[in-house]
Amino acid sequence: MNSTEFLYAAYIATWLIHGLYIGMLVRRNSRLRQQMKDLNKSGK
Amino acid sequence: MKRAFPILAVVTAILLAYAFYEAIWVAPMERTMGDVQRIFYYHVPSAWTAFLLFFVNLVASVIYLVRRNPRADAVALVSAEVGVVFCTIVLVTGPIWARPVWGIWWTWDIRLTTTLVLWLIYVSYLVLRRFSESSQTPKLAAVLAIFGALDVPLVYFSIWFFRTQHPQPVIGGGGSIDPRMLHVLLINWLAFSCLALVFSWARYRLELLQREVEEAESLQSLRGVPQ
Amino acid sequence: MSLMRSITWATLAKDIRLEWRSKDALNSMLFFSLLVVVIFSFSFDPNAEESREIAGGLIWVAFLFAAVVALNQTWARELRNQVLDAYRVSPAPATALFVAKALGNFILVSVLEALMAPLFMIFYNLRALGAAWQLIPVAILGTWALVVNGTFFAAMSLRTRSREIMLPLLLFPISIPAVQSMVEATRIILSGDGAARFWIVLLLTYDMVFTTACLALFETVLQAE
């Protein structure tokens, strides 16, 4: 049935959105850790 | 405590894979809709999770207004953000499901419409948090969360009555559910709840780190250290 | 209680007097309201049968835009002259200030609506086929619903980037049940098809819930600026 494509679309969309969010978390985490390192260095 | 997070993440991944398997292969085929109905196993748990997260936000906001505990504020922010993620999924999977089954992308289905309004309220909440330059943003955000919570029952009633005047299709169907389907639904709900927990935990730690960095930055500028 | 009333009255009278003396803001808002009606009339052909059906919605969307324009400048004067700081340190109850501001906005928006409504009726050849008197409670309750939350969110938006866009961003989602009620009630009254009572009651409920919330939480918002 043609509608199975919609099933794939829904599941892929779900994982895409979750993936984007995880990506955002990872990127912000590394940026903050870098900032923290820089601050510690200049503070010392 | 530090080791618990990776363990939780791995357990969640396993649960999600298992839940996916159950949804696609084990759950029985729905009589009228066919395979497309399996979207249900992602659509409904995401909705429950989003509503739960928004409820957490409401509680945390009230606690913050009463106690001014900064951790409560961090919880409020985190639960709002993760809630919007899951809410977005509900709004995306809903129309994708509706289109092949009922021939329309959207309808003033009461649950979907209430979800849309909740999404709008919480996106505006996140925008306020990002755009506000007051030092008291957490208080303002908490007040907005309360306004949002007061609004939801009114939204529900207005759509409910609107639908009695203008009959519309019901997305997602009502009525009783096959126990085997219920089983798969609950497994997916467990898996997505764990995912929400993983997200929230990670985001919470991120938020604490962010506040640490901001504090360190302002301390340094106070001491006059060249940046 | 009479302290509150005298403060409220004094603040409201001051606002009206100031607004009346410099009619600039009022005139530009009136012109804006007129423009909105004309644009709508061009966009939604008034002769088409369908337009008469959606006239209720059109009017309220137009009112909504006019209200946002009026609300956006509601605290501007206070900000410019550090009046809010003075209010914060004074023993005057914050609710008095809020009620005065909300009433002032209510009057202002009502003036705009009083201009736009007849224009709509002219352009769209509107006649109320139902109980026309019911339009009055709908107008009063509906306007109050927009104004009470609008005044509150305008205060919340004071210290945000892009203050002007922040107000509608906060106001519109929360106002959805109220707007739906206003539009549906107006549609029913104009077309004479059905009873608007449920929507009027829902509007009344909305107004009571949010007026209470605004009064209870305005102090928090005022202190937070």
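A residue is counted here as buried if 20 or more other C-beta atoms lie within 10 Å of its own, as exposed if 12 or fewer do, and as partly exposed in between, with C-beta atoms placed from the backbone. By this criterion, 41% of the 227 residues of chain B are buried, and 9% of the 44 residues of chain A. The model is a predicted one, in which local features need pLDDT of at least 70 and side-chain atom pairs count only at pLDDT 80 or more, while totals for chains, interfaces and linings use all residues. Residues are numbered from 1 along each chain as its sequence is written, and chains are lettered from A and ligands numbered from 1 in the order in which they are written.

We may begin with the individual chains. Helices (H or I, at least four residues) and strands (E, at least two) are taken as DSSP runs, numbered from the N terminus. Chain A contains one helix and zero strands, and its C-alpha trace spans about 65 × 5 × 5 Å along its principal axes. Chain B has six helices and zero strands, giving the pattern α-α-α-α-α-α along the sequence. The C-alpha trace of chain B spans about 70 × 45 × 30 Å along its principal axes. Two residues are in contact if their C-beta atoms, placed from the backbone, lie within 7 Å. Among the contacts in chain B between residues at least 6 apart in sequence, 79% join residues at least 24 apart.

Helix α5 of chain B (residues 137-165) has 29 residues and reaches 41 Å from its first C-alpha to its last, close to the 42 Å expected at 1.5 Å a residue; the expected span is 1.5 Å times one less than the number of residues. In helix α4 of chain B (residues 110-131) lies V123(B). V123(B) is partly exposed because 16 other C-beta atoms lie within 10 Å. The C-alpha atoms of V123(B) and V84(B) are separated by 7.0 Å, although these residues are 39 apart along the chain.

Between chains A and B, the contact takes 21 residues from chain A and 27 residues from chain B. The chain A side comprises 13 nonpolar, seven polar and one charged. Chain A and chain C do not touch, and their nearest C-alpha atoms are 22 Å apart.

A nonpolar core is a set of buried Ala, Val, Leu, Ile, Met, Phe, Trp, Tyr and Cys residues joined through C-beta atoms within 7 Å. The largest such core has 133 residues, of which A76(B), A66(C) and L203(C) touch the most other members. Helix α3 of chain B (residues 70-102) supplies the largest share of this core, 18 residues. Leaving aside neighbours within four places in sequence, A66(C) is in contact with M29(C), F32(C), S33(C), V36(C), V109(C), L112(C) and M116(C).

Methods:
Ala, Val, Leu, Ile, Met, Phe, Trp, Tyr, Cys and Pro count as nonpolar, Asp, Glu, Lys and Arg as charged, and the others, Gly among them, as polar.
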